[in-house]
Amino acid sequence: MKNFSLLLILVFLFWVNSFAQKIGKYETISPASSNELQTLVNRAANETIEKFASKGLKAENLAVSVVDLRNPSQLKSANFRGEEKVYPASVSKMFFLVALHQWLENGKLKMSPALQRVTKDMIVDSSNEATQYIVDALTETSNGEELTGQAFEKYSFKRNVVNRYFASLNYQNIVINQKTYCEDLYGRERQFWNEGKNRNYLTTNATARLMAEIALGKAVSASRSEQMMELMKRDWEGEVKDADDQSHGFTGIALKDLNLKGAKLWSKAGWTSTTRHDVAYLETPDGLKFVICVYTTNFAKERDILPNVAKIVLGNLAK
């Protein structure tokens with residue numbers, strides 16, 4: 001077992017070195033903290049908490065990160081509880097999307113009509129089944145009966161490959177190794193989940209950073225970032241078929257309430273019985289370009305909390 005553990009360590013170091021060599025054109029960003037933006041983010045969070053206090057909203061139920069992209073050479077950021085680890089629900093699919101494009105760029109996977117369809121379904125329709133397919137492809141694993149000993153260690157090592165990829169890009173304080181489900185987990189999936197001790201966690205800081213890297217054309221490559229953006233483009237002014245879809249049920253509410261005709265929205269939302277999240281990149285006719293990520297926990301049915309934060313940021317960022 002000691003020899004096997006040593007082998008795992010050596011393989012891990014190989015993987016880290018491999019990623020460092022193969023991330024290619026990926027340009028990571030490090031936005032500077034802004035006192036002015038921090039004041040605005042604090043105001044947005046505190047005013048929202050106060051507005052919904054009668055419903056029990058507290059600071060612990062909210063996390064917010066904002067990145068100002070108006071000057072790409074001088075990116076600015078601020079956050080409210082931005083390093084808090086939160087279960088991300090379907091927002092995790094954006095991370096799997098970036099990893100998929102890196103695998104495609106490196107030749108580890110090849111695009112096919114089937115893979116193109118499943119990628120679209122994962123992001124546009126937020127399909128959990130499509131996400132399960134993508135995770136299997138990324139990690140070269142599949143579900144089945146429970147495993148023991150070295151077989152389970154090997155399986156677990158493979159399932160953490162996306163974690164290692166983002167670690168190579170200096171993403172910290174996140175766990176991104178689990179599929180998304182509509183119902184329950186079974187077999188080795190539940191074994192790996194370990195009764196919730198090994199579940200996905202993201203921070204709004206990490207999530208906002210990734211969206212910013214995609215929006216700026218820096219994630220994997222400019223052309224691949226453009227492809228990812230196309231999948232996350234939301235028609236918030238279009239026909240409403242589902243009031244809680246990704247175009248109309250999250251940050252899009254803020255754009256509608258403020259009547260920001262012509263504003264553009266790209267996003268990835270997450271919604272469960274206990275969480276309601278969104279990360280969005282917005283461009284407005286008056287020149288605003290920014291990423292906002294809002295995570296709310298234990299208020300999944302309160303659809304106005306998240307857009308309330310966004311409205312305060314939108315209404316004051318230009319000032």
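# Close-up views of a predicted model

**View 1. Arg 164 and Phe 157 form a contact between a charge and a ring.** In this predicted model, the charged end of Arg 164 lies over the ring of Phe 157, at 3.8 Å from the ring centre. A second contact of this kind involves Arg 276, whose charged end sits over the ring of Phe 250 at 4.6 Å from its centre.

**View 2. Tyr 165 and Phe 166 form an edge-to-face ring pair.** A pair of aromatic rings is described by how far apart the centres are and by the angle between the planes. The model has 9 aromatic pairs. In the pair of Tyr 165 and Phe 166, the ring centres are 4.9 Å apart and the planes stand at 65 degrees; an angle over 60 degrees counts as edge-to-face, so this pair is placed in that class. Tyr 165 is buried, with a relative accessible area of 0%. Phe 166 is also buried, and its relative accessible area is 0%. Both residues belong to a cluster joined by ring pairs, which also takes in Phe 95, Trp 103 and Tyr 171.

**View 3. Phe 250 and Trp 271 form a ring pair between a loop and a strand.** Phe 250 is buried, at 2% relative accessibility. Trp 271 has a relative accessibility of 42% and counts as partly exposed.

View 4. Strands of a sheet pair through backbone hydrogen bonds, in either a parallel or an antiparallel sense. Strand 1 (residues 32–33) runs parallel to strand 3, with 2 bridges between them. Ala 32 has Lys 76 of strand 3 opposite it.

**View 5. Strand 2 pairs with strand 3 and with strand 7.** Strand 2 and strand 3 are antiparallel and are joined by 5 bridges. Strand 2 (residues 62–68) also runs antiparallel to strand 7, and 7 bridges link these two. Which residues stand opposite Val 67 in strand 3 and in strand 7? In strand 3 it is Ser 77, and in strand 7 it is Val 291. Asp 68 stands opposite Lys 76 in strand 3.

**View 6. Strand 6 and strand 7 form a hairpin.** Strand 6 (residues 275–283) pairs with strand 7 in the antiparallel sense through 9 bridges. Glu 283 has Lys 289 of strand 7 as its bridge partner. The hairpin has 5 residues between the strands, and Gly 287 takes a positive phi near 100 degrees. Of the 9 residues of strand 7 (residues 289–297), 8 are buried, so this strand is largely enclosed by the rest of the structure.

**View 7. The largest pocket is lined by 37 residues.** This pocket holds about 860 Å³ of space. The lining residues nearest its centre are Ser 90, Lys 93, Ser 126, Asn 128 and Trp 271. Strand 4 (233–234) and strand 5 (264–271) are the elements that give two or more residues to the lining. The largest share, 4 residues, is from strand 5. By class, the lining has 14 charged, 13 polar and 10 nonpolar residues.

**View 8. The second largest pocket has a volume of about 440 Å³.** Its lining consists of 21 residues, and the closest to the centre are Pro 31, Glu 83, Asn 205, Ala 206 and Arg 209. Two or more lining residues come from each of strand 2, strand 3 (76–80) and helix 9 (204–215). Helix 9 gives the most, with 4 residues. The lining of this pocket divides into 11 polar, 8 nonpolar and 2 charged residues.

Conventions
Residues numbered from 1 in each chain as written. Predicted model: local features only at pLDDT ≥ 70, side-chain atom pairs only at ≥ 80, totals over all residues. Heavy atoms only, no water. Buried < 20%, exposed > 50% of the residue type's maximum accessible area, 1.4 Å probe, protein only. Pairing = 2+ DSSP bridges. 1 Å grid on protein atoms, 1.4 Å probe; cavity = no way out; pocket = protein on both sides within 12 Å on 5 of 7 lines; lining within 4 Å. Points joined across faces, edges and corners; volume = space filled by probe spheres on them. Nonpolar A, V, L, I, M, F, W, Y, C, P; charged D, E, K, R; others polar. Phe/Tyr/Trp six-rings, centres within 6.5 Å; stacked < 30°, edge-to-face > 60°. Lys NZ or Arg CZ within 6 Å of the ring centre and 35° of its normal.
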